[in-house]
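This report covers salt bridges, surface patches and a few individual residues. Please keep the sequence and the structure at hand while reading.

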Amino acid sequence: MSRGHLVLEHAIDEISIGYSFRRDLGEDLDELCASIERFGVIHPPAVTEQYSLISGRRVLAAQKRLGYRVTPVWIVHGVSDKLSHVLAIRDEETLRKALKPLEQAELYDELKKLYAEENARKQQATQFGADARPNEGGQEPGDGTVGGGGVDSTPPQSAPKGEGRKTRVQAAKAVTGQDSHGKLDQVVELKQIAASDEEHPEVRQAAAEALLELNTDGKVNGRYLRVKLLQALMLLERWSAHPDEPDAIRQAAASELARVRAQEHPKGALADANRAIARLTQLRKDAAAAAPREGWKDADPLLREKHQVRKLVDLLRREHGWWDRFDPAVFGMHADGEQWELVETSITQAGVFLDTARAAREKEAAGADIS
């Protein structure tokens, strides 16, 4: 059975504020006012049956600023004496569960996209003369008819410079109440790294572990720096050792790798690594542009075959050693049917692949011996 009921309109001046543990109303009351003007009161203030305030002091303050005289209220039954009143206030102000960092990041990422879409619509409507007034024929503005602002007839324009940051700030404040978009962007990126099949397994694992850890204590930046640094080091290491890279690129990558590893502070090391990657990326572009443009077979009769082998080896290199990183007993006990079939099929078919490849290799070796 419900311990309260909703009253749609009650005079604000008749609500007794009384004592509150939360004295700081925050600096973002303007945003709450804007939200109330736009959506109304989403969470009505809670009051006792004597109309003493339990929660919603910020909502009342915002409504007063807006000039409202009445408010919806939730009347909580059974809060009659002073002790129960104070306990109810305590519970409301201390027992509300905040979103964990990963949950905040998911909400932030979704709101960021929605704010970007909304801001783009507003910009388009302003830029192309959308009018809030109905047209002479009675059509509403923006309905695709001539004179309605042309929203449906004109392609969306790219967001102006700074608009991306604006939407990130909007989304962050909606989630955390403050401009924490930098921290939330880092969590979002860590999630993307942990889920990417293109990343080195060590980088993915480091990102996954960082997400688990930050979700318990909320500390993001240090862990983000370490994962990004590992990501950069793995790329430089790959360039320094990959046989398909020109000698100049491999030597430059090895030199940069040694310099970055000599840095003691992760932030400085990451900055050096990013600069090194930018330089090497340009060097690789210059080397590719200067390379002769013969056809596949003209350059090397076996170039297509070698390229196919390199793609397979790159795939396996990213996942090499997975059998040491996972506990087979855990997999055996907890994998569902689909997961088990995927792993079993992969390993079985890999054995068939290797047997066929071994036979071809032995045949090639025998032919070479004969010749």
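## Basis and a backbone angle

Helices (H or I, at least four residues) and strands (E, at least two) are DSSP runs, numbered from the N terminus. The model is predicted.

Tyr51 is a residue other than glycine with a positive phi, near 65°. Its relative accessibility is 24%, so Tyr51 counts as partly exposed, given that the partly exposed class lies between under 20% (buried) and over 50% (exposed).

## Salt bridges between parts of the chain

How many salt bridges are there by the rule used here? The count comes to 19 salt bridges, taking a salt bridge as a side-chain nitrogen of Lys or Arg within 4 Å of a carboxyl oxygen of Asp or Glu. One of them joins Asp30 and Arg65, with the closest N and O atoms 2.5 Å apart. Asp30 belongs to helix H1 (residues 29–39) and Arg65 to helix H2 (residues 57–66), so this pair ties together parts that are 35 residues apart in sequence. Both Asp30 and Arg65 are exposed.

Asp179 and Arg165 also meet through their side chains in a salt bridge, at 3.6 Å from N to O. Because Asp179 lies in the loop between helix H5 (163–176) and helix H6 (181–195), and Arg165 in helix H5, the pair ties together parts that are 14 residues apart in sequence. Asp179 has a relative accessible area of 36% and is therefore partly exposed. Arg165, with a relative accessible area of 45%, is partly exposed.

## A bridge with a buried partner, and a network

Arg284 and Glu245 form another salt bridge, in which the closest N and O atoms are 2.8 Å apart. This pair links distant parts of the chain: Arg284 is in helix H10 (residues 266–290), while Glu245 is in the loop between helix H8 (221–241) and helix H9 (247–261), 39 residues apart.

Is Glu245 buried or exposed? With a relative accessible area of 11%, Glu245 is buried. Arg284 has a relative accessible area of 31% and is partly exposed.

Salt bridges also link several residues in a network, made up of Asp109, Lys112, Lys113, Arg168 and Asp185.

## Surface patches

Which residues form the negative surface patch? Asp336, Glu338, Glu341 and Glu344 do. Glu338 is placed in helix H15 (residues 337–370). Its relative accessibility is 66%, so Glu338 counts as exposed.

There is also a nonpolar surface patch of about 380 Å², made by Leu312, Leu315, Leu316 and Phe353. Helix H12 (residues 303–319) supplies the largest share of this nonpolar patch, three residues. Leu312 lies in helix H12. With a relative accessible area of 34%, Leu312 is partly exposed; a value over 30% is what a patch residue needs.

## Helix H7

Asn215 is in helix H7 (residues 201–217). At 18% relative accessibility, Asn215 counts as buried, because the cut-off for that class is under 20%. What does the side chain of Asn215 reach at 3.0 Å? The side chain of Asn215 reaches the backbone nitrogen of Leu102 at that distance.

Glu202 is also found in helix H7. Glu202 has a relative accessible area of 42% and is partly exposed. In sequence, Glu202 and Arg325 are 123 residues apart, and their C-alpha atoms are 9.6 Å apart in space.

## Glu37 in helix H1

Helix H1 contains Glu37. The relative accessible area of Glu37 is 56%, so Glu37 is exposed. Glu37 and Ala62 are 25 residues apart in sequence, with a C-alpha to C-alpha distance of 9.8 Å in space. Helix H1 also holds Asp30, the partner of Arg65 in helix H2.

Key: Residues are numbered from 1 along each chain as its sequence is written. This is a predicted model: local features need pLDDT of at least 70, side-chain atom pairs count only at pLDDT 80 or more; totals for chains, interfaces and linings use all residues. Side-chain values use heavy atoms; hydrogens and water are left out. Patches are made of residues with over 30% relative accessible area and no salt bridge: like charges are joined within 9 Å, nonpolar side chains (Val, Leu, Ile, Met, Phe, Trp, Tyr) within 5 Å. Accessible areas come from the Shrake-Rupley method with a 1.4 Å probe; for residues, only the protein chains shown count as cover. Lys and Arg count as positive and Asp and Glu as negative; His and the chain ends are not counted. The place of a charge is taken as NZ of Lys, CZ of Arg, CG of Asp or CD of Glu. Buried means under 20% relative accessible area, exposed over 50%, partly exposed in between (1.4 Å probe, protein chains only). A polar contact is a pair of N or O atoms within 3.5 Å; within protein, one must be able to donate a hydrogen and the other to accept it, and residues adjacent in sequence count only if both atoms are side-chain atoms.
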